[in-house]
Amino acid sequence: MSEASEKQAEIAVEQEHVDRVYARLDELRSEAEAMRDKSYEYGREATPEALNERDVMLHHANRTLQALNAESEGLVFGRLDLGTGDAVHIGRLGIRDQRFDNLLVDWRAPLAAAFYQATPEHPQDVIRRRVIRCSREQVVDVSDDLLDPDRAPSDMRVIGDGALMAALTRSRGETMRNIVATIQKEQDEAIRAPESGVTEITGGPGTGKTAVALHRAAYLLYREQRRLGGPGVLVIGPSPVFMSYISRVLPSMGEHNVELRALGEVLDGISAARVDDPRTAEVKGSSRMVKVLRRALRLPPPDAPESLQLFYRGTVLKLEADDLKRIRRTLHNKGGQPNKNRMKAADALLEALWQLARGLADRDFQPDRDQLISEIGERIEFHRFLVAWWPALYPMQVLRWLSDPERLARAARRLLAAEEVDVLAKSWAEVSEWTVADIALIDELRMLIGPPPKRARRDEPEAEQPRRASNYDEYAHVVIDEAQDLSPMQWRMVGRRGRHASWTIVGDPVQSSWPDPAEAATAREEALSAQRTHRKFTLRTNYRNSAEIFDYASDAVRDLVNPDDLPTAVRTTGVEPDVREAPADQLAATTRDATRDLLERAEGTIGVITTMDRRDEVRAWLSDVDDPRLRVVGSLDSKGMEYDAVAVVDPDGLAAESSTGRRALYVALSRATQLLTAIRPS
């Protein structure tokens, strides 16, 4: 029998099993729908027992249907032929037949671990490992690894050379594929690590860090349903572009109890996608901003009255500016959140008025403390003064007040340089929308200020507050991707979301865009201070780039890093990167030509990456290139992304974009899986 005929015969064998799986899937779906319908009948009886049973049945039925209806490229993707003679099929869900025998083993189950962990050196009783590629319900390809040839039956067919390399050469789509069929041993060890504490996954471009982190989230939700099922899992990534890219991975594995948020979306009720220029982002992200914000809250509001004058029983009681300043300073020195101290502020003012009145007492004016405090405390003019002098504060309102350079300079004295004050004040004075770096500052102010009154007055800026967020420690597990880029202020923000959670932290120090790693490390340690265990996995194999592309990309940082920090690319294509030079007046035309060339040569997605400042300009150059596969992104937007072909426009400009620009260039050049073009202005 020819090789092609043998493959078709094996495809037919697997198709027969896949048909059984999908037939059983339809039966289970019908049973779940029947359970859901039956639950409504229980609800017709108004007894507590009937209502409780209805709720339990309905929840179980809906959860089952959600899992069974999860979209996926193929439900069945693997098979293990064991030394016992048994064949075990691996898939995205666990499915049993009517006799409760396994038709399909969930990839997260212990029985499936050998699919990822078995090697020829340690076969774990696996003779043949088969990857099955399906398009929906149709088997289109099979590929085998023979792990224990000495125990293989004489009639066992072995098809192909393994699945991983085939998967690497396939084109990318608009969303990230899950990799459950091609997970490698080093990746699987990280996925199946214990849930508790901090699990850190590091590795260079193309090592599969993000995919491993997402599959770890799915694995933990499967293994730790009771602990994680309620509070759920939070996944934080660098940008909305990136979060959209990964958004289909977890639902395709039947997991929906996960929140995906970009860094600019972490705070409920407000989101930001705009990024500051590198210098402004560096100042906003610095841990020095904690003290700046604390000092800013000690300053009087911009329109606060400078004196309080009241008539009490024919006597003028007046608190001067210095008196009010002393009272404010005393209140702040005692600590507490300003919004919770409004009653203390009222009490302090009334006490000061009493002390003033007592000092003015004479034969005709004999004030009584309780009467004075009660009477003045009920006056409308006193309440109006209090609202203006100690108003309810809102985070975004306070940040906007700091657009006043003089006010900001007072708050930042001996903390920020004059140039840094100017940078921040200008950023907030010109703000039409908040930036990603601002979100961490707003979140910090929420914690410093305290909750606003339940009902804001008409003259208070209720719209200037994000919606009341849920508890900061509500998540049971937090996943941080591209963690090397988090600023100290962002570490403080994400740390609040998982004070009692376990963590998966994913990153690569070589790709870091934060200029002070030591400062960020200190903030990270503080955010994770409650964690007792810390385990680290380093992924060292670059599966994304060809060796030719990665060697070229690595030149951007080779002299900045330890060689051991760079992964090894395992695939060669013989196609070197295409480096083009163009005069400034021909840069647009050269970019268009290069982009069209890549669109013709590559089957999948095409990424055109340039500096953040030139992003809109390059988009305009390519506005007449009508192809849905094309994406034009800035350097920061390319974080975590991958494309079949990439054109990097103005790599030298990208390297000079910030103090960490060469690392950003390394990121941009390592996004391509098949083809890379660099376009240099001459």
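The model is predicted, so local features need pLDDT of at least 70, side-chain atom pairs count only at pLDDT 80 or more, and totals for chains, interfaces and linings use all residues. Residues are numbered from 1 along each chain as its sequence is written, and side-chain values use heavy atoms, leaving out hydrogens and water.

**Exercise 1.** Find which residues of helix H11 (residues 288-298) are buried, and work out where they lie around the helix axis.

*Solution.* 
- Step 1: Buried means under 20% relative accessible area, with a 1.4 Å probe and protein chains only.
- Step 2: The buried residues of H11 are Met289, Val290, Val292, Leu293, Ala296 and Leu297.
- Step 3: Look down the axis of H11: these residues fall within an arc of 165° (taken from the directions from the helix axis to the C-beta atoms), so they line one face of the helix.

**Exercise 2.** Describe how H11 and helix H19 (residues 436-449) cross, and what classes of residue make up their contact.

*Solution.* 
- Step 1: The two axes, which are lines fitted to C-alpha atoms over the stretch in contact, come within 10 Å and cross at roughly 50°.
- Step 2: H11 is therefore oblique to H19; angles under 35 degrees count as roughly parallel, over 145 as roughly antiparallel, 65 to 115 as roughly perpendicular and the rest as oblique.
- Step 3: With contact meaning heavy atoms within 4.5 Å, Met289, Val290, Leu293, Arg294 and Leu297 in H11 meet Leu441, Glu444, Leu445, Leu448 and Ile449 in H19.
- Step 4: Sorted by class, the contact has eight nonpolar, no polar and two charged residues.

Note on methods
Buried means under 20% relative accessible area, exposed over 50%, partly exposed in between (1.4 Å probe, protein chains only). Helices (H or I, at least four residues) and strands (E, at least two) are DSSP runs, numbered from the N terminus. Axes are lines fitted to C-alpha atoms, for helices over the stretch in contact, and angles run from 0 to 180 degrees between N-to-C directions. Ala, Val, Leu, Ile, Met, Phe, Trp, Tyr, Cys and Pro count as nonpolar, Asp, Glu, Lys and Arg as charged, and the others, Gly among them, as polar.
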